[in-house]
Amino acid sequence: MNVIGLDAYLLLGALLFVCGALCMAMKRNAIGVLMGVELVLNGANINFVAFARYNPTFQIEGQVFALFVIVMAAAEAAIALAIVLNFYNNHLTVDVDTAEELKG
Amino acid sequence: MQLDNPGLLYVAATLLPLASFVLLLLAGALRSVARPYRDQGGIGASLYETMGGDRPQRTGAYVATAAIGLAFLLSLVGFIYFVKDHGFGGHREGAHAVAGGQGGGEAKPAEQEGAPAETRWANHLDFANIALHSGKATVLTLGYYIDSLSAIMFLMVTLIATLIHVFSIGYMSEELTPVVEDHQVHTEHGPLQRRGRFGRFFLYLSLFCFSMLNLVLADNLFQVFISWELVGVCSYLLIGFYYERRSASNAANKAFITNRVGDAGFLIGLLILWTYLGTFNFQDIFRELPQRLADGSLPHWIWVVTGLGIFLGCVGKSAQFPLHVWLPDAMEGPTPVSALIHAATMVAAGVYLVARVYPLFSAEARLVIAYTGAITLFVAATIAIVMTDIKKVLAYSTVSQLGYMMLALGVGGWVAGIFHLLTHAFFKALLFLCSGSVIYGCHHEQEMTKMGGLYPKMKTTALTMMAGVLAIGGIPLFSGWYSKDAILAQALGFFLLHKEHFLLFLLPLVTAGLTAFYMFRMWFMTFTGKPRDEHVYEHAHESPRTMTVPLIILAVCSIMIAWGMPPWQAELSYLGGHEGLLQMSEPTAPLESLHLADRQLTEYVHENHMVSERLAYVVGGLGLLFAALLYYWRVLDPADAKVQFAGVHRFLWHKWYFDELYSAILVRPALTIANWCRVFDTRVIDGLIDNTGKATIKLARWDGIFDNGVVDGLVNVTGRVIYASGARLRNLQTGFIRSYILFLVLAAIAIFFVLSYFLTLAQAGP
């Protein structure tokens with residue numbers, strides 16, 4: 001029988017990471033970019049969890065790190081949404097390309 | 001009344017003229033300060049008026065005269081105390097043997113009563129502590145030392161100075177106007193016009209009196225040196241009193257510079273004494289000198305050099321050959337100055353100093369002194385014969401008489417030399433003041449060739465001057481006779497003892513005749529015969545009483561100052577005789593230990609006194625006779641004599657060509673060298689400095705280029721590079737999230753590859 005190994009998980013994590021990265025790169029909507037960030041983080045989470053499952057020396061740490069990342073993602077999402085909200089108040093849009101005042 | 005320190009009377013007498021000087025100086029300074037406010041009223045203007053205002057005031061003259069008059073009274077009181085203390089006309093102990101025991105009996109040693117004479121008549125206070133290298137600490141002191149020499153000098157100086165102050169009030173009265181015209185100075189607007197300088201004259205006179213008295217008062221050579229320079233300065237200031245006249249300022253410079261030559265020698269002597277003995281005090285020096293010479297710690301030749309050095313100073317100050325050239329030129333000063341400074345007192349300071357430090361002169365040095373004096377007296381007398389300027393005649397006569405004094409000191413006649421100094425001071429001051437009176441009466445005409453027949457016009461002047469002429473001519477019973485007689489006797493004694501030095505007797509003997517000749521010539525030319533210049537004769541007048549009274553007093557002094565009891569015995573003069581006042585101060589005790597006092601000489605002098613006296617009569621009579629023949633009876637024609645002895649006359653008229661000689665061997669080489677130095681300065685030193693400057697500028701320019709180009713360039717390039725790279729790099733900050741993500745991803749991939757590379761390395765490693 002074909003056992004699902006570590007590689008599959010890592011592949012899935014990489015896929016999620018790439019999807020997230022592409023989403024960040026492609027989306028002009030700030031909310032979309034945030035979603036991409038969530039995808040990247042979760043891709044990393046899958047890696048943590050997968051390593052926790054397959055690497056006995058990493059059992060607890062992998063899960064704890066995954067939980068950390070989730071909490072951090074939540075916090076990050078809160079802050080990022082607050083920024084987006086403020087941005088919207090100032091610019092009446094959430095298009096990230098209009099945010100270029102700090103351009104060098 | 002009993003005084004504990006009668007010597008302090010003399011200190012007070014010295015300080016009085018100084019007080020007057022300071023007072024006049026302050027008044028003058030206040031006047032100058034207040035002058036800018038004279039038109040604005042208020043305190044400034046009233047101060048200006050109080051201090052004299054525009055018109056010179058007589059007040060200054062009265063202050064100065066009162067000061068010096070008071071000084072005279074103090075000296076007189078001090079002198080009375082001195083006589084009470086020391087007795088009158090006795091020898092100091094230890095001198096009896098030298099004088100043949102003649103004066104021993106009357107000598108009253110008065111040291112027993114009251115304070116010891118040392119502290120009564122001499123004291124000093126420390127002036128500056130100076131530590132010597134040898135560890136022996138010595139001090140410079142200011143002090144006074146009164147013996148009969150200084151006591152009599154004080155009397156002489158203060159009396160003559162007082163009379164001359166009084167005389168000057170009359171003589172200088174032309175300086176009392178707000179505007180004085182000096183007809184000898186020509187500017188483009190006619191004769192020079194200046195403010196009268198009446199006060200300034202008395203200011204200088206006061207300073208001079210203080211300096212001169214301080215010189216006499218001093219108990220140490222250091223103090224003497226200070227006063228020495230001070231009288232030199234006063235002389236300089238007063239010769240140059242009419243400094244707008246080129247001749248006057250030149251004469252002042254000449255006097256000052258010539259004296260510097262002498263002072264260089266003086267300084268050498270001082271330094272030697274300081275180095276070897278560590279003291280300047282006269283008494284200390286005289287006490288130590290014989291011991292130092294005996295134990296050999298002071299070599300004999302050093303002794304000689306010291307004496308010669310100090311004598312060189314005296315040569316300068318007393319206008320002796322070869323430094324005599326300044327004195328005749330010094331006649332550019334006002335006549336009272338000539339009388340006081342350049343006849344009676346300052347020029348005698350050199351003689352006084354020689355006498356004061358007599359034990360410092362070894363036998364060799366004294367011989368030099370004697371010959372210097374002999375040459376001087378002869379040279380000056382010959383020049384005086386042909387001079388026609390009345391003051392020049394007197395000037396050369398002064399030089400000649402100073403030569404007599406030096407000669408006397410040189411041949412061991414200490415008393416004779418000082419004696420002549422004192423009598424000469426009176427009759428020469430008299431003669432000068434008389435000449436001043438004549439000049440004043442003739443409206444500043446000094447040439448005797450324009451005078452003549454003035455006797456009826458100015459009888460007082462003529463008669464008093466005759467007294468002076470008789471005195472200097474050595475006519476018996478006149479003061480000059482006593483002193484000149486003593487000198488000639490001394491010279492004769494010396495000649496008999498040392499036959500090779502016959503010139504030391506011959507020259508003064510011949511000169512005694514010359515003296516009589518030129519003095520009577522002067523008097524005859526001035527006062528007798530037909531007037532040579534009608535204009536001068538018509539306007540001639542007798543001088544006012546302020547001028548004639550001093551003349552009369554001085555004339556009386558010139559006649560009687562040297563009298564003794566009875567007057568016709570020259571050796572019994574109370575002043576310079578064997579038991580005279582001066583004998584008390586003769587430095588005998590140290591002299592004996594230095595083998596200076598020559599008993600044989602003293603005996604010769606006494607034995608042959610009559611010989612020299614008679615010779616002097618003959619020679620003086622001849623001089624008088626010739627003068628009368630030429631200028632009174634006119635049996636012989638002076639013009640004819642001039643033609644017959646044209647060469648001699650020209651030689652004498654040019655004053656033995658001394659000025660030309662000095663000009664040729666000293667002045668012109670000095671100017672040439674100065675010129676070379678100037679050329680060297682402008683060419684070499686200035687060139688060097690200029691070129692250094694130019695090179696520096698050039699170098700700075702190069703340095704500027706380097707700085708601007710290289711250093712600044714480097715800094716600028718750095719800045720520019722950084723700025724440019726910054727400008728490039730800012731383009732990376734696009735502001736587009738996508739590009740940031742792209743970098744992020746690329747960075748992640750790059751990290752991935754790097755990590756995997758290291759991982760494979762790590763796995764392959766072990």
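In what order do the elements of chain A run from the N terminus on? They run α-α-α. Before going further, note that this is a predicted model.

So much for the order; now the count and the shape. Chain A has 3 helices and 0 strands. Along the principal axes, the C-alpha atoms of chain A fill a box of roughly 55 × 25 × 25 Å. Of the 104 residues in chain A, 20% are buried. Among contacts in chain A with a separation of 6 or more, 51% are between residues 24 or more positions apart.

Next, the contact between the chains. Chain A gives 10 residues to the contact and chain B gives 10 residues. On the side of chain A, the largest share is 3 residues, from helix α1, residues 6–26. That side of chain A divides into 6 nonpolar, 1 polar and 3 charged residues.

Last, one helix pair in chain B. Helix α13 of chain B, residues 346–356, and helix α15 of chain B, residues 390–410, have axes that come within 10 Å and cross at roughly 0°. At that angle, α13(B) is roughly parallel to α15(B). Which residues meet there? From α13(B) they are B:Val347, B:Val351, B:Val354 and B:Ala355. From α15(B) they are B:Thr398, B:Leu402, B:Met405, B:Met406 and B:Leu409. By class, this helix contact has 8 nonpolar residues, 1 polar and no charged.

Note on methods. Residues numbered from 1 in each chain as written. Chains lettered and ligands numbered in written order. Predicted model: local features only at pLDDT ≥ 70, side-chain atom pairs only at ≥ 80, totals over all residues. Contact = placed C-beta atoms within 7 Å. Helix = DSSP H or I, 4+ residues; strand = E, 2+ residues; numbered from the N terminus. Nonpolar A, V, L, I, M, F, W, Y, C, P; charged D, E, K, R; others polar. Axes fitted to C-alpha atoms, helices over the stretch in contact; angles between N-to-C directions. Parallel < 35°, antiparallel > 145°, perpendicular 65-115°, else oblique. Buried ≥ 20, exposed ≤ 12 C-beta atoms within 10 Å, placed from the backbone.
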